[in-house]
Amino acid sequence: MFQLLHRWIWRDPERCARKLLTFAETEADGGRDLVRAAELTPDPILRRLFTVHATDEERHAQLFRARGAALLNPLQARASTAFQLNWMSPGERGLDDLRIHAESDASLLAFLHLSEKSAAGHFAIYVEALKHDPLTSSVFKEVLKDESFHMNYTLAQLTRVAPQRHGIFLWKARFSRLWKAYLRAMSAIAGIMGAVILTLQYFILLPPFALLAKRAARREPLGWVPVAQERGRTLESQY
Ligand SMILES: [Fe+2]
Ligand SMILES: [Fe+2]
């Protein structure tokens, strides 16, 4: 059932292309955050790994961008349909607007590990869902290899830098991701509620005002109207 849903989401070539372009932006954003993390960490091993990781994310961005553009090019003449349904089939969330400078190496690694794990899970599903489009599927397959490496090295390094407390860092990161998912869901619901309430206002509150305006317009005399003598002024000034 879940597979069928994903196959349906990825079947539309335009939606697929736009999702890939969105994923490319997120990957590039994640890459920039990792460059910043590499600059800030005092640990030389992490600095090297974050730099390699940032290069991988930038490469993913290029792969997604190239494939998205290749899919979108022949569709240029069509109007945009595109519900991307990213809440159901997201890409990699990268560092999810984490404030890099405010995080310790351990909390950053915990957050990265969970994020990469979730991305690897999603990308494995997309490889299957895109069997009808082998080129796009192979892009995800390629990216998935790196995401698995990211998932493993972040956990190994977390265990190295916080051997006693790595479990606590993982739970904290889990809670933070859950909180962000909750905020995303609530802002999506707020968006839907806003659209519904404004539509109802448009159809319920506006018609009486429109009727009153029409009635008032009917009472207005048509054409030129002579001005009463006492109000007559010379036309020498604007007022
Ligand atoms: Fe990635
Ligand atoms: Fe990654």
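Which helix does Thr154 lie in? Some notes on that and the rest of the chain follow.

1. Thr154 sits in helix α5, residues 134-161 (helices are DSSP runs of H or I, at least four residues, and strands are runs of E, at least two, numbered from the N terminus). This is a predicted model, where local features need pLDDT of at least 70, side-chain atom pairs count only at pLDDT 80 or more, and totals for chains, interfaces and linings use all residues. Residues are numbered from 1 along each chain as its sequence is written, chains are lettered from A and ligands numbered from 1 in the order written, and side-chain values use heavy atoms, with hydrogens and water left out.

2. Thr154 is buried, at 0% relative accessible area (buried means under 20%, with a 1.4 Å probe and protein chains only). A polar atom of its side chain lies 3.0 Å from the backbone oxygen of Met151. Setting aside neighbours within four places in sequence, Thr154 touches Leu109, Leu112 and His113 (contact means heavy atoms within 4.5 Å).

3. Overall, the chain has seven helices and zero strands. Of its 239 residues, 36% are buried. Take contacts between residues at least 6 apart in sequence: 80% of them join residues at least 24 apart.

4. On the outside, have a look at the nonpolar surface patch that includes Ile192, Phe203 and Leu212, with about 1100 Å² of accessible area for the whole patch. Helices α6 (166-204) and α7 (206-219) each give two or more residues to this patch. The biggest share, six residues, comes from α6, while Leu212 lies in α7.

Notes
Buried means under 20% relative accessible area, exposed over 50%, partly exposed in between (1.4 Å probe, protein chains only). A polar contact is a pair of N or O atoms within 3.5 Å; within protein, one must be able to donate a hydrogen and the other to accept it, and residues adjacent in sequence count only if both atoms are side-chain atoms. Patches are made of residues with over 30% relative accessible area and no salt bridge: like charges are joined within 9 Å, nonpolar side chains (Val, Leu, Ile, Met, Phe, Trp, Tyr) within 5 Å. Accessible areas come from the Shrake-Rupley method with a 1.4 Å probe; for residues, only the protein chains shown count as cover. A salt bridge is a side-chain nitrogen of Lys or Arg within 4 Å of a carboxyl oxygen of Asp or Glu.
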